Amino acid sequence: MLPFYIYVPLWLSEHSGYGYLLVGAVFFIARISDVFTDLPVGALIDRRGCGKGWWLASWILLTASAIALFLAPHPWPPWLLLVVLVLLMLGWTGLNVPWLALPVSLAVTASQRLAYNSAREGALLLGTLIALLLPGLLDPDKLRVLLGPVLLVLLVAVLLQGSNPGNRGGKTDFSLWTLVKDRRVTSLALPWFLNMLANAIPGTILVLFMREVLQAESAVPVALLVYFLSGLIGVPLWYALARRYGALLCWRVGLFLSAVLFGFAALLGPDDVYWFIAICVGTGLMLGADQALPSAMQTRLAQELIRDAGNNLGARLFALWSMLSKAAMGLAVGLGYLWLGVQAEPDTVPPAWAISGAYVIAPVVLKIMVAAMLGHRRLVWMEEEAADEMAR
């Protein structure tokens, strides 16, 4: 889905006859709708389960929308473009939410939770690397040809998926209140949201930072490649550390180190691109802690809630995390560009200090806040469980 979030909006704006304003408005509405589909999808999975029919229907919805968007002649009426984008994102949600929730039913011990979530997040980083590399290696016409094989690979993955029986005998509430009324959920949900916001803000301003502050826009692909490759390398390292010291402690350490390393980017200027690449290596290694470790904690929390409630709510809980991630990405764009717009004169580029402030200072402050919030006593039980397992 990465190309649909990064490359397709630009392609539609410049080459398909829509213009930036229309594409921006349509994608904004589609992303807002995408936030509010996660919880109903999670509730349906918890209630009715998901078998081959669910996986296949989601794949068909995503595939039909993607093929139409890529291959049908443009421009379309704005309402039709919006409908196809909403259906595309709904198909992805149908695949993504049960995929995120899989470790809830698979893992039993803390080590298994770490193993399943680390493997999944490592695969996610590998897929991200491939999606970032291909547009730089191939021309646009060959990228279109790749759509068919990629969708067929996804079909194979879909057909190999197992089933989730759900909770057909019980009641399933679509309300968000069902989840957030538990303080264990809110004590993890708020830091998760703020951390996603801290990760999303630099992503929305990266190109502007490298163009205006470092004056090295051509190095953007290299910076992204180094960052995600370092993240992939860091996953097994954080997996090993978390097995010994616990996911909660290691995540806090990773957040603090990431904030310290990323803070040095505020000191950079023109011709400092190599120092920035070095920072990308360091913060990329911390990405492993940001990916697999909170996922393992979320899996543990879901298992605790299922045990206490007596019914299945794993998909709903991971739908909540997905909602918060999407909301953070949308809020990052709004806050970042609002700040830059306020600091810039009409029809001018924001000053370098304003770009660096949004790109570096805001994420660093948020990361430190999250590390502090994770020390709350309501999360101590996660550390106690890790200590008990090591003792055994």
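## Cysteines

The count comes to 0 disulfides in this predicted model. A disulfide is a covalent bond between the sulfur atoms of two cysteines. The rule applied here asks for a pair of cysteine sulfur atoms within 2.5 Å.

Are Cys250 and Cys280 buried or exposed? Cys250 has a relative accessible area of 5%, so Cys250 is buried. Cys280 has 8% relative accessibility and therefore counts as buried. The cut-off for buried is under 20%.

## Nonpolar surface patch

Which helix gives the most to the patch? Helix α12 does, with 6 residues. Helix α12 covers residues 247-263. Helix α11, residues 220-245, also supplies at least two patch residues.

Leu261 counts as partly exposed because its relative accessibility is 30%. Partly exposed covers the range between the buried limit of 20% and the exposed limit of 50%.

## Ser58

Ser58 sits in helix α5, which runs over residues 52-71. Its relative accessible area is 7%, so Ser58 is buried.

What does Ser58 touch, leaving out residues up to four places away in sequence? The contacts are Gly91, Gly94 and Leu95.

Methods: Residues numbered from 1 in each chain as written. Predicted model: local features only at pLDDT ≥ 70, side-chain atom pairs only at ≥ 80, totals over all residues. Heavy atoms only, no water. Helix = DSSP H or I, 4+ residues; strand = E, 2+ residues; numbered from the N terminus. Buried < 20%, exposed > 50% of the residue type's maximum accessible area, 1.4 Å probe, protein only. Contact = heavy atoms within 4.5 Å.
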